[in-house]
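Me: Hi! Could you walk me through this one with me? I'm new to reading structures.

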Amino acid sequence: MNSENALVLADTDCIPNHEYTELTCTAVITAGDDVLRVRYTHPIEVPCLSRGGDKVKISMKDNSTVFIIRKGKPSMEH
């Protein structure tokens with residue numbers, strides 16, 4: 001599954017690591033006719049994906065690793 005214009009429907013369940021340097025979140029993303037639930041990790045200083053506001057590019061690798069690339073400036077909403 002690869003998509004250039006996926007849309008974030010929700011971003012939930014963000015949990016910090018023990019050092020409070022990273023968050024692991026669950027994103028619900030629509031890509032064409034597919035709806036994906038993706039767990040992702042990002043540095044704590046980078047804003048989480050924003051529901052309805054962030055368009056993302058998704059690329060899936062052979063080993064089920066998914067890359068999520070935000071296509072615009074991050075929103076500060078959560």
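This is a predicted model: local features need pLDDT of at least 70, side-chain atom pairs count only at pLDDT 80 or more; totals for chains, interfaces and linings use all residues.

Me: Is Tyr-20 buried or exposed?
Reply: Tyr-20 counts as exposed, because its relative accessibility is 56%. For these labels, buried means under 20% relative accessible area, exposed means over 50%, and partly exposed is in between, with a 1.4 Å probe and protein chains only. Residues are numbered from 1 along each chain as its sequence is written, and side-chain values use heavy atoms, with hydrogens and water left out.

Me: Okay, and where does Tyr-20 lie?
Reply: Tyr-20 lies in the loop between strand 1 and strand 2 (22-31). Strands here are DSSP runs of E with at least two residues, helices are runs of H or I with at least four, and both are numbered from the N terminus.

Me: What is the phi of Tyr-20?
Reply: It is near 55°, a positive value in a residue other than glycine. Most residues other than glycine have a negative phi.

Me: New topic. How many helices and strands are there?
Reply: The protein has zero helices and five strands. Its radius of gyration is 12 Å, close to the 12 Å from the globule rule for 78 residues, so the protein is as compact as a globular protein of that length. The radius is taken over C-alpha atoms, and the rule is 2.2 Å times the number of residues to the power 0.38.

Me: In what order do the strands sit in the sheet?
Reply: The five strands form an open sheet in the order 3-2-1-4-5, with antiparallel pairing. Strand 3 (34-43) and strand 5 (66-70) are the edge strands, each pairing on one side only. Two strands pair if DSSP finds at least two bridges between them.

Me: How many bridges join strand 2 to strand 3?
Reply: There are 10 bridges between strand 2 and strand 3, which run antiparallel. Thr-30, for example, stands opposite Val-35 in strand 3.

Me: And how many for strand 4 and strand 5?
Reply: Five bridges join strand 4 to strand 5, again antiparallel. Lys-57 has Ile-69 in strand 5 as its bridge partner. Strand 4 and strand 5 form a hairpin with five residues between them, and Ser-64 in the turn has a positive phi of about 70°.

Me: Now the inside. Which residues touch the most other members of the largest nonpolar core?
Reply: Those are Ala-6, Ile-29, Tyr-40, Leu-49, Val-56 and Ile-58, out of 14 residues in that core. A nonpolar core is a set of buried Ala, Val, Leu, Ile, Met, Phe, Trp, Tyr and Cys residues joined through side-chain atoms within 4.5 Å.

Me: Which strand gives the largest share of this core?
Reply: Strand 2 does, with five residues.

Me: What is Ile-29 in contact with?
Reply: Leaving aside neighbours within four places in sequence, the contacts of Ile-29 include Ala-6, Leu-7, Val-35, Val-56 and Ile-68. Contact means heavy atoms within 4.5 Å.

Me: Last one: what share of the protein counts as buried?
Reply: Of the 78 residues, 28% count as buried.
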